[in-house]
Amino acid sequence: MKATGATLAMLLDRGELHPSGSPGIYVQGARFMQLVAAIDAVIMEAEPPGAFEDFATPPQMPGATATAHKYDMHFPELLAGVAPQTACGCGDKDHADPREALVLVPAVCHLLYPLLGRRAAKGRGVVGLYAMKGSVFRAEPSQQSKRWQSFSVREWVCVGHEESVETFAEAWCRRWTGLCDRFGLDGQIDVASDPFTGPTARIMRSRQRQTGEKLELNCPLDGLDCAISSINRHGPHFSDVWDLRAPDGRRAVSACVAFGLERTALAMIDRHGLEGALTLAERDMEGAAR
């Protein structure tokens, strides 16, 4: 059995990735970037039919958004703050305005819901399909190949009635199988739960598993399961915060599907080697372009 950081160690040793000085944060070399870009292009080609609105997200968001979404309540250990003018010790920490606090984005869809809330407040529609890409950060330093702190995510979000959102989620379950075939990966769909903390953590994890709110597409990486993608059914959680409604006035629900692009690349390298992974992904990318 491989060591849990074997693929990462190999890429670092060969100069395909470069250390930053902090575990889970890496500088990507040209060929690794090339593989990630090819994977993203193939995944984009698999997106569901329909009109998507595209967004590129910044790496920071207001801390107030994390609080409104209860992320800082349920996952405080994963959230990393940004302290403008204080990181170097030159700011006045005692008089910092908490309303101006920033955090690093832990999931790109967190930036979508307040955007839709502002639209809703102006009487504009919010039901639809949204495609997003951005860098995320989760404060969990590790030497494992699959456990990066800073990584890029391709994500789709569906906001609407329960029926349309469930159709969206089920369609992505089917697309997962096709993408695994194209990438030459042995994928398995598993019911999963988020790493909640706090007094209600056990109840929330149990509820997610019982209802199938969270599904993961797991592929082997260094002998361990590695979730390269997940489907998350949010119900009305974000709509309750931002008062998102369908045209008929009913409360909207949402779901998202997210791909960790570097994780997918690492799983392909573990299976095929870097050269084999590049050949396979670029062949599929060329097919998608045609």
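Some ground rules. Residues are numbered from 1 along each chain as its sequence is written, and side-chain values use heavy atoms, with hydrogens and water left out. Because the model is predicted, local features need pLDDT of at least 70 and side-chain atom pairs count only at pLDDT 80 or more, while totals for chains, interfaces and linings use all residues.

Let's start with the open space. A pocket is found on a 1 Å grid over the protein atoms alone: it is an open set of points with protein on both sides within 12 Å along at least five of seven lines. A cavity, on that grid, is a set of points where a 1.4 Å probe fits but cannot get out. Lining residues have an atom within 4 Å of a point. Grid points are joined across faces, edges and corners, and a volume is the space filled by probe spheres set on the points.

The largest pocket has a volume of about 1,200 Å³. Its lining has 45 residues. Which of them lie nearest its centre? They are Phe 75, Arg 138, Asp 194, Lys 214 and Asn 232.

Now the elements. Helices (H or I, at least four residues) and strands (E, at least two) are DSSP runs, numbered from the N terminus. Several elements each supply at least two lining residues to this pocket, among them helix H4 (71–74), strand E8 (150–160) and helix H7 (201–211). Strand E11 (224–235) is another of them. E11 gives the largest share, 10 residues.

The pocket lining splits into 18 nonpolar, 13 polar and 14 charged residues.

The largest cavity has a volume of about 40 Å³. Its lining is Ser 145, Lys 146, Trp 148, Phe 151, Glu 262, Arg 263 and Leu 266. Helix H9 (residues 261–289) gives the most, with three residues. By class, that lining has three nonpolar, one polar and three charged residues.

Stay in H9 for a moment. Thr 264 sits in this helix. Is Thr 264 buried or exposed? Buried means under 20% relative accessible area, exposed over 50%, partly exposed in between (1.4 Å probe, protein chains only). Thr 264 counts as buried because its relative accessibility is 0%. Its side chain reaches the backbone oxygen of Gly 260 at 2.9 Å. Contact means heavy atoms within 4.5 Å. Leaving aside neighbours within four places in sequence, Thr 264 is in contact with Ile 39, Phe 183 and Ile 228.

Over to H7. Ala 201 lies there. Ala 201 is buried, because its relative accessibility is 4%. Ala 201 and Phe 75 are 126 residues apart in sequence, yet 9.8 Å apart in space, C-alpha to C-alpha.

Last, a sheet. Strands of a sheet pair through backbone hydrogen bonds, either parallel or antiparallel. Two strands pair if DSSP finds at least two bridges between them. An open sheet of three strands here has the order E4-E6-E5, with antiparallel pairing. Strand E4 (60–62) and strand E5 (81–82) are the edges, each pairing on one side only. Two bridges join E5 to strand E6 (residues 102–104). Val 82 stands opposite Leu 102 in E6.

Thr 57 is in the loop between strand E3 (52–56) and E4. Thr 57 is buried, because its relative accessible area is 13%.

Methods. Nonpolar A, V, L, I, M, F, W, Y, C, P; charged D, E, K, R; others polar. Polar contact = N/O pair within 3.5 Å; in protein donor to acceptor, adjacent residues only side chain to side chain.
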